[in-house]
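The following exercises concern a single protein chain. Please work through each task with the sequence and the model in view before reading the solution.

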Amino acid sequence: MTGFRPGVPAPDEVTAPWWEATGQHRLVLQTCPRCSAVQHPPRALCTHCGSDEPGWAESEGRGAVDSFTVVHRAPRPDLDVPYVIARVRLDEGAILLTRLQGRAPDDWRLDDPVRVAWVDLDDGRALPVFVPDAPSPHDTEKGS
Ligand SMILES: [Zn+2]
């Protein structure tokens with residue numbers, strides 16, 4: 001398997017539809033047709049009602065920073081530091097473990113509005129990352 005980026009899991013039976021959508025830069029969320037619960041990451045069962053046929057719905061790709069960590073020491077040598085790992089709370093209610101980009105790592109704040117952007121993988125899939133959705137007040141504080 002050539003060109004497979006280390007650290008990105010291969011799709012399996014449950015996550016295949018999710019990965020397929022990333023290739024088209026669509027962020028989808030498992031959404032239960034029975035109880036309307038939204039969950040991520042994808043699972044075989046709805047964690048709310050136990051339905052074994054959770055469906056899919058497209059996310060608007062907007063949310064807010066729920067928590068984040070600036071990584072200064074990479075776990076692997078092929079990663080550039082520093083980078084920002086974050087939990088993003090999507091408007092649909094699901095939490096996504098992702099990366100923040102488009103702003104200096106130390107300039108992020110909790111609850112910053114973000115929107116999805118895509119990093120293409122060389123196997124046709126893409127990874128969702130999040131970028132600032134609107135200029136925030138602390139962007140202007142520095143008066144660059
Ligand atoms: Zn359900």
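**Exercise 1: The strands around β4**

In β5, Val84 is the bridge partner of Val70. The model is a predicted one, in which local features need pLDDT of at least 70, side-chain atom pairs count only at pLDDT 80 or more, and totals for chains, interfaces and linings use all residues. Residues are numbered from 1 along each chain as its sequence is written.

Solution. 
1. Strands (E, at least two residues) and helices (H or I, at least four residues) are DSSP runs, numbered from the N terminus. Two strands pair if DSSP finds at least two bridges between them.
2. The loop between β4 and β5 holds Pro82. The peptide bond from Val81 to Pro82 is cis, with omega near -5°.

**Exercise 2: From β7 to β8**

Task. Describe the pairing of β7 with β8, and state which residue of their hairpin takes a positive phi.

Solution. 
1. β7 (residues 113-120) and β8 (residues 126-132) are antiparallel and pair over seven bridges.
2. Within this pair, Ala117 stands opposite Val129 in β8.
3. Five residues lie between the strands of the hairpin, and Gly124 takes a positive phi near 95°.
4. Asp111 belongs to the loop between β6 (95-100) and β7. Although Asp111 is not a glycine, its phi is positive, about 70°.
5. Asp111 counts as exposed because 10 other C-beta atoms lie within 10 Å. The classes are as follows: a residue is buried if 20 or more other C-beta atoms lie within 10 Å of its own, exposed if 12 or fewer, and partly exposed in between, with C-beta atoms placed from the backbone.

**Exercise 3: The open sheet**

Task. Give the strand order of the three-stranded open sheet and identify its edge strands.

Solution. 
1. The order is β2-β1-β3, and the pairing is antiparallel.
2. β2 and β3 are the edge strands, as each pairs on one side only.
3. β1 (residues 28-31) is joined to β3 by four bridges; Val28 stands opposite Glu58 in β3.
4. His25 is placed in the loop between α1 (16-22) and β1. Its phi is near 55°, a positive value in a residue other than glycine.
5. His25 is partly exposed because it has 13 C-beta neighbours inside 10 Å.

**Exercise 4: The whole chain**

Task. State how many helices and strands the protein chain has, and in what pattern they follow.

Solution. 
1. The chain has two helices and eight strands.
2. Along the sequence the pattern is α-β-β-β-β-β-β-β-β-α.
3. Of its 144 residues, 19% count as buried.
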